[in-house]
Protein chains: 2
Amino acid sequence: MQHTAYTIGIDIGGTNTNWGIVSREGRILHTGHLPTRTADDPVVFFEALHHQIEPVLRQYSRSDIHGIGIGAPQSNYRTGLMMNAANMPWKGIVPIREIAETVFRLPVQVTNDANAAAIGEMTYGAAKGMRDFIVVTLGTGLGSGIVSNRQLLYGHNGMAGELGHTIVIRAGRTCGCGRKGCLETYVSATGIVRTALELLEQEPDETAPKQAGTLRNRYRKDKNIQAHQIHEAALSGDPLALRTFRDTGDILGLALANTIAITEPEAIILFGGLAKAGALLFEPVAKSMEANLLDCYRNRVKLMPSGLQEREASVLGSAALGWLS
Amino acid sequence: MQHTAYTIGIDIGGTNTNWGIVSREGRILHTGHLPTRTADDPVVFFEALHHQIEPVLRQYSRSDIHGIGIGAPQSNYRTGLMMNAANMPWKGIVPIREIAETVFRLPVQVTNDANAAAIGEMTYGAAKGMRDFIVVTLGTGLGSGIVSNRQLLYGHNGMAGELGHTIVIRAGRTCGCGRKGCLETYVSATGIVRTALELLEQEPDETAPKQAGTLRNRYRKDKNIQAHQIHEAALSGDPLALRTFRDTGDILGLALANTIAITEPEAIILFGGLAKAGALLFEPVAKSMEANLLDCYRNRVKLMPSGLQEREASVLGSAALGWLS
């Protein structure tokens with residue numbers, strides 16, 4: 001029986017770091033944020049963060065704080081290290097668990113964003129009470145957190161769950177990782193933009209209709225299409241934008257069907273920016289997933305949106321991890 | 001502390017059922033077999049099996065027998081049911097755990113062949129002491145048993161580990177499951193035969209060399225090529241047979257690389273008939289696996305043969321499961 005009542009959840013992103021003091025029931029009692037680029041030195045950054053949180057912490061009895069959970073890119077639960085994270089001000093291998101423990105004098109656990117999201121869904125969100133599920137995070141890239149038998153599947157070195165780097169199309173699109181055909185080159189904010197641009201470039205401009213609000217019209221003015229613009233165009237019925245969502249969902253559905261054959265989850269939760277497209281994404285994903293599933297799995301695996309409010313999700317996920325510290 | 005000293009391992013195959021009484025250390029003290037088609041009724045079959053084992057069991061104190069483990073096709077650890085197994089005399093849904101418990105009056109656990117192989121490798125074989133590994137069984141089909149955090153990954157309904165039915169080539173070869181492009185249509189005894197036949201049919205017969213011992217020469221006489229003949233031809237240097245192994249290994253290597261990105265095992269153990277081809281298979285598999293792995297996994301995952309003697313493996317795997325009963 002634990003008597004501590006709160007954890008601190010810290011979500012470190014490339015731009016912003018959000019934190020919150022969270023009750024055992026998942027209520028966020030205090031929250032704040034600090035630009036991650038406040039300091040190029042991670043020790044200086046954590047000292048600034050401590051300086052911001054400490055006055056709030058004084059309102060609590062220190063013995064009521066169970067620990068700190070940190071969700072951060074490329075960060076490893078087993079080692080407590082952040083490994084060469086792209087888009088971060090801190091380069092190389094950063095011992096963030098050790099730094100945070102020294103600065104805050106509290107027990108700390110760290111993991112990557114997708115694993116934190118999975119722990120958040122299990123503790124406070126759509127996966128409450130589930131034993132086996134997968135969270136797929138759809139942001140700039142594609143991440144995944146796999147829970148099996150109520151435990152996060154970390155793998156031998158804490159590096160499991162890189163669904164975004166499974167190869168779905170051999171000799172396919174070039175990926176930031178240096179290989180070709182990775183799932184995240186098709187299914188992510190950047191992936192869906194690449195698909196839209198490919199479709200726009202395939203169709204000869206002259207024969208395309210000149211209709212306001214379409215991706216085609218936007219592309220004529222500015223080749224720099226963004227994911228939210230594809231979403232908006234699809235909502236207004238633009239066939240090319242709708243085709244872009246169908247193609248994206250088709251590939252994700254196949255990848256999910258293959259993942260189900262390996263880990264057989266009860267549910268797959270789609271989380272993050274692209275998942276906000278709702279039925280535009282979920283319908284083609286579900287259709288392709290079911291079509292590609294082995295009989296014994298068909299109509300048995302739930303495809304669900306996150307059960308956490310977007311604004312709170314990352315802090316709740318990290319805070320839930322704090323209970324494991 | 002357990003004081004029981006033995007389990008009974010029963011491996012049920014389409015043709016033969018092998019059993020053994022096995023010590024905690026993995027020594028097979030008694031062994032026997034019974035044709036599975038002895039009876040069309042599974043209750044009658046288990047009674048015949050009991051009739052065969054009972055006289056041997058009398059040499060032991062009943063309290064020394066911890067339980068029975070059964071490895072059988074399409075059999076589910078969670079439910080104890082055999083579900084519509086192909087090539088078995090017993091049709092439909094067979095409650096084999098319940099039948100065996102009633103007949104033997106001992107606790108029984110059942111699982112499928114690939115999971116039994118994984119438990120066997122973990123308890124007595126190549127995976128002793130490992131926390132995270134995968135066994136891939138290469139027989140008529142392709143099965144897999146995944147161990148994560150020292151536990152078999154069963155999934156939500158005990159149906160995880162169907163690596164053979166992940167789709168590796170969209171709109172690829174027709175599979176017995178009714179879909180297209182499943183891994184086992186390429187990588188299995190039947191899959192490698194299909195690859196050899198495709199290569200033989202692509203190459204015009206007239207221009208092919210007329211050399212004794214080659215698959216081409218065998219094919220000229222009899223179109224019914226078998227997996228062991230491809231192995232023999234490859235050993236004697238037949239380029240078409242070597243190409244067949246390379247193509248097979250290439251596809252398996254990609255599928256393993258994708259599986260590593262999901263579960264990150266310490267090792268992958270190749271088990272069963274096709275794995276006996278040794279370097280002919282292991283070399284192209286390792287080459288393709290490494291080429292398709294994300295940087296952070298490269299040269300870190302061991303590719304290994306089974307650590308169990310073929311003749312004993314299936315009984316040892318089932319016996320190891322018996323300790324969980």
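Predicted model: local features only at pLDDT ≥ 70, side-chain atom pairs only at ≥ 80, totals over all residues.
How many bridges join strand 11 of chain A to strand 12 of chain A, and do they run parallel or antiparallel?

**View 1. Strand 11 and strand 12 of chain A pair side by side in parallel.** Strand 11 spans residues 267-271. It is joined to strand 12 by 4 bridges. One residue pair can be picked out: A:Ile268 has A:Leu303, in strand 12, as its bridge partner.

**View 2. An open sheet of 5 strands in chain A.** The strand order is 10-9-8-11-12. Pairing is mixed. Strand 10 (151-152) and strand 12 (302-305) of chain A stand at the edges. Each has a single partner strand, so one side of each lacks a neighbour in the sheet.

**View 3. Helix 3 of chain A packs on the sheet.** The helix covers residues 113-124. It touches strand 8 (133-138), strand 9 (142-148), strand 10 and strand 11 of chain A. Its direction makes about 45° with that of strand 9 of chain A.

**View 4. Chain B meets chain A.** Here 32 residues of chain B are in contact with 32 residues of chain A. Helix 7 of chain B (residues 239-263) gives the most to the chain B side, with 6 residues. By class, that side has 13 nonpolar, 13 polar and 6 charged residues.

**View 5. Chain B superposed on chain A.** A rotation of 180° does this, with 0.0 Å of shift along its axis and an RMSD of 0.0 Å. The two copies are therefore related as by a two-fold rotation axis. Both copies use the same surface: 100% of the contact residues of chain B recur in chain A.

Conventions:
Residues numbered from 1 in each chain as written. Chains lettered and ligands numbered in written order. Contact = placed C-beta atoms within 7 Å. Helix = DSSP H or I, 4+ residues; strand = E, 2+ residues; numbered from the N terminus. Nonpolar A, V, L, I, M, F, W, Y, C, P; charged D, E, K, R; others polar. Least-squares fit on C-alpha atoms with pLDDT ≥ 70 in both. Pairing = 2+ DSSP bridges. Axes fitted to C-alpha atoms, helices over the stretch in contact; angles between N-to-C directions.
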